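Here is a friendly walk through one model, from its ligand shell to its helix packing. Have the viewer open as you read.

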Amino acid sequence: MEEFPLKETPFQPGHPVNPENFKGRMDIIQNIIRYMPNVISGNAQHFFITGKRGMGKTSLANYVKQLVQKKFKMVGVHVTNDSLQDIESLISHVIEQLLNEIESETWSKKIFRKFKDNIKSVGAFGANIELKENKEEFIKSVKNNFPQFLSEMVKDFEDKKGIFIIIDDINGLTKSPDFATWYKSFSDTLDVNFGGESPVAIMLSGYPDKLQALYNHNPSFNRIFRSYNLGPLTRAEVSSFFEDTFEKVSIKTEKEALDKMINFSTGIPTMMQEIGEGVFWEDSDNIIDENDALKGIFEAGMQIGKKFIRPEIDSSIYSPKYRSILLKMGEHAIISFKKSNFEKYLNDEEKKVFPDFLKKAKQLKILEQERARSGEYKFPNMLYPVYLAILSIKNDKL
Ligand SMILES: Nc1ncnc2c1ncn2[C@@H]1O[C@H](COP(=O)(O)OP(=O)(O)OP(=O)(O)O)[C@@H](O)[C@H]1O
Ligand SMILES: [Mg+2]
């Protein structure tokens with residue numbers, strides 16, 4: 001029978017990272033955490049995390065949740081749902097999550113008694129608590145009195161000192177002004193009517209343009225929040241991520257290999273996890289050398305392509321006609337360019353289709369223009385240029 005290698009990967013591409021493997025972002029975390037004493041003494045605080053896709057919003061939220069649970073004895077509620085389109089379903093998710101979160105606490109019985117008319121199942125071992133189907137009236141009243149609802153609820157929390165609610169992926173709620181308006185009034189009422197008795201922290205997360213959209217709906221929206229944008233991790237943070245994560249499974253990394261993995265990660269957590277994973281499975285002797293690294297990086301590029309890029313670069317732009325232009329962008333490690341400067345890399349054939357290529361790429365949001373008709377283009381997400389760079393080295397190095 002064939003031998004199967006039985007080893008367990010310590011990497012987590014596609015999943016929020018375990019708090020033990022979480023790297024960097026300490027300035028943001030400290031900045032958030034320093035307001036927890038205010039929260040605990042009853043003054044609500046609001047945070048907004050922005051970041052492009054895969055930059056680590058959910059991972060950060062999860063890390064902060066664990067931290068406030070452990071260090072500040074707060075109840076943490078994490079609602080993740082990109083498809084939330086209205087405030088009612090948001091409220092209903094928050095309540096369900098909250099009830100499930102406190103279910104094992106001895107004092108939760110008091111709270112469940114208050115909810116008994118509105119929930120389906122209580123206390124059945126390991127049961128998932130859900131609200132009843134015909135809950136519209138109840139949700140509507142919570143929506144209209146959310147500050148009161150929260151401040152009443154925490155009074156029953158006995159040994160817990162407050163509540164930390166994370167609403168991850170606010171993206172779907174930003175289209176209409178409803179959410180921004182509702183939130184503004186929620187936050188004002190918390191301060192004005194429940195100041196000193198609302199140990200409540202709320203953290204929202206979304207793409208950077210979504211915060212802007214909410215601001216456009218209601219210019220006061222931004223003033224409520226302390227907002228933080230997740231940029232790339234530093235070289236040192238990426239380096240320590242690779243070293244520490246490989247060390248957990250007793251694997252050493254040679255310097256050249258480590259440098260390659262860091263370079264191709266370009267500080268993007270998603271890329272870093274995919275590269276770690278790719279390299280981990282290439283290694284067979286518990287020492288990562290340059291060759292393992294390059295093969296793993298290539299594999300990571302393919303995964304990123306499959307998961308994030310190919311679905312967007314639809315066949316029209318990945319067609320043979322344009323493929324060589326994309327590869328040239330990878331070869332020259334282009335992140336942003338001026339049309340007239342980049343044309344020098346193109347042959348006559350490519351030059352002819354270049355304007356069409358740019359138009360398509362813009363439509364598909366693979367490239368963006370800072371100012372319309374400026375002739376300057378850039379990739380909106382670093383995953384694109386990294387993927388193209390990996391594709392272009394494939395033939396040279398492997
Ligand atoms: N600080 C970190 N340290 C290590 N790995 C991280 C870190 N942040 C994120 N990751 C990893 O990066 C990937 C993307 O993370 P995550 O899902 O948290 O991003 P996101 O911004 O919430 O993405 P999306 O926009 O798709 O919701 C995951 O594989 C995760 O494990
Ligand atoms: Mg997320």
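## The ligand shell

A residue counts as near a molecule if its C-beta atom, placed from the backbone, lies within 6 Å of it. By that rule, 24 residues surround ligand 1, and the closest are Val17, Gly56, Thr58, Ser59 and Pro269. Please keep in mind that this is a predicted model, where local features need pLDDT of at least 70 and side-chain atom pairs count only at pLDDT 80 or more, while totals for chains, interfaces and linings use all residues. Residues are numbered from 1 along each chain as its sequence is written, and chains are lettered from A and ligands numbered from 1 in the order in which they are written.

What classes of residue make up the shell around ligand 1? There are seven nonpolar, 12 polar and five charged residues. Here Ala, Val, Leu, Ile, Met, Phe, Trp, Tyr, Cys and Pro count as nonpolar, Asp, Glu, Lys and Arg as charged, and the others, Gly among them, as polar. Helix H3 (57–72) and helix H13 (269–282) each give at least two residues to this shell; helices are DSSP runs (H or I, at least four residues), numbered from the N terminus.

## Domains

The domain assignment, which is automatic or from a database, divides the chain into domain 1 (25–229), domain 2 (235–309) and domain 3 (320–397). Domain 1 and domain 2 each contribute at least three residues to the shell around ligand 1, and their C-alpha centres lie 36 Å apart.

## H11 and H12

Within domain 2 (235–309), you can look at helix H11 (residues 235–248) and helix H12 (residues 255–265), which pack at about 125° with axes 10 Å apart. Axes are lines fitted to C-alpha atoms, for helices over the stretch in contact, and angles run from 0 to 180 degrees between N-to-C directions. H11 and H12 are therefore oblique to each other: angles under 35 degrees count as roughly parallel, over 145 as roughly antiparallel, 65 to 115 as roughly perpendicular and the rest as oblique.

On the H11 side, Arg235, Val238, Ser239 and Phe242 meet Leu258, Met261, Ile262 and Ser265 in H12, where contact requires C-beta atoms, placed from the backbone, within 7 Å. This contact of H11 with H12 has five nonpolar, two polar and one charged residues.

Helix H7 (residues 146–155) packs against helix H8 (residues 178–194) at about 55°, with axes 8 Å apart, so the two are oblique to each other. Phe146, Pro147 and Ser151 of H7 make the contact with Phe186, Thr189, Leu190, Asn193 and Phe194 of H8. That contact holds five nonpolar, three polar and no charged residues.

How do helix H4 (residues 87–102) and helix H6 (residues 136–144) cross? Their axes come within 9 Å and cross at roughly 95°, so H4 and H6 are roughly perpendicular to each other. Ile87, Glu88, Ile91, Ser92 and Ile95 of H4 make the contact with Ile139, Val142 and Lys143 of H6. By class, this contact has five nonpolar, one polar and two charged residues.

Notes
Contact = placed C-beta atoms within 7 Å.
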